[in-house]
Amino acid sequence: MQGVEGTYTLGDVTLQRGGTLKDAKIFFKTFGALNEDKSNAILYPTWFTGFPENNEWLIGEGMALDPTKYFIIIVCAFGNGYSSSPSNTPEPYNAARFPEVMLYDNVVCQHRLVTEHFGISSLELVVGWSMGAQQTYQWGCLYPEMVKRIAPFCGSAKTAPHNFVFLEGVKNALITDDAWKHGWYSPDAPPKKGLRAVGRVYAGWGLSQAFYRQECWKQLNYASLEDFLVGFWEGFFLQRDANNLLAMLNTWQHADISNNPRFNGDFVAALQAITCPALILPAAIDLYFPPSDNAWEAQHIPKSIFKEIPGVWGHFAGGGLNAVDTAFIDQELKALLAMTV
């Protein structure tokens, strides 16, 4: 499946925490064609460390995100290595000097991409997994007049304290590698021990206890548990830049859709501002975005639809690895898009 890639230059962006993202750039990849009245657009933000191609499993002819019907925009969050990130920003804001980017900053800049670059004033759907789900919630409350539907899956509107603590473990697995050098490592000598350690930490959180008990890693063609830990988890994070990972981790840790000038920390008010139909799909055994958090949020969203993704794949039920979970998500999205709004 072929998409069209592009980069939109935003100029200098003043960030919520006081830094400046100089000559900020936002990367996107589109599928399908924008219709004449620009009314068929879907926005699909990336997740923690996610590249645009990592979102493509949910797009296809005959699926809910059908490029023959919709104009689908995958938009890259800051820090992922495609949009402005520690790894691609010029000095002096490169590497460890990359400024703090919040959830609010990402979505306000994405709004500029959608409205200024594409000239779109209405979105049929904003949808996303994990950190992409957090961006989805933020879209729903900041731009309710523009967003017709949202579908966050396996992610919350505010990072819970337990989730924050999980990410402290991920962060410290990386920064305790001497090769990290406080972020000033050479691109030719990345902190590989730390990146491998991140994979080992993540392995116990991204997938459920039942996943490992049932040896579901065999479905991904690994010969043993150790083979899976090395090939899947270590291999995944070795493809990532350490500073990029830390920048996005910081965004995730501080994610809160009410932490902005619009809501001033009133979380319930931010949830109540999501007035469009909101399909909330937690994974039944998600260890860091548990369904109970989403259930509480759903109570405060006027038109929420709450359904759990069954199965044992934990958080990665939303990662496109398991055909059964993919089919479940796709069917729920089809029903959402079929709703008259």
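Counted by the rule used here, the structure holds 33 aromatic pairs, where rings of Phe, Tyr and Trp (its six-membered ring) pair if their centres lie within 6.5 Å, with planes under 30 degrees apart counted as stacked, over 60 as edge-to-face and the rest as tilted. This is a predicted model, in which local features need pLDDT of at least 70 and side-chain atom pairs count only at pLDDT 80 or more, while totals for chains, interfaces and linings use all residues. Residues are numbered from 1 along each chain as its sequence is written, and side-chain values use heavy atoms, leaving out hydrogens and water.

Select Phe166 and Trp252, an edge-to-face pair with 6.1 Å from centre to centre and 70° between the planes. This pair links distant parts of the chain, since Phe166 belongs to helix 3 (residues 161–175) and Trp252 to helix 7, 86 residues apart; helices are DSSP runs of H or I with at least four residues, numbered from the N terminus. Both Phe166 and Trp252 are buried, which means under 20% relative accessible area (1.4 Å probe, protein chains only).

Next, select Phe211 and Tyr212, whose ring centres are 5.2 Å apart with planes at 85°, so this pair is edge-to-face. Phe211 is buried, with a relative accessible area of 0%.

Move on to Asp256, in the loop between helix 7 (242–253) and helix 8 (267–272). Asp256 is buried at 14% relative accessible area, and, leaving aside residues up to four places away in sequence, it touches Leu103, Gln138, Ala157, Lys158 and Phe267, contact meaning heavy atoms within 4.5 Å.

Finally, select Lys158, which lies over the face of Phe267, 5.3 Å from the ring centre; a charge sits over a ring if NZ of Lys or CZ of Arg is within 6 Å of the ring centre and within 35 degrees of the ring normal.

How values were computed:
Helices (H or I, at least four residues) and strands (E, at least two) are DSSP runs, numbered from the N terminus. Buried means under 20% relative accessible area, exposed over 50%, partly exposed in between (1.4 Å probe, protein chains only).
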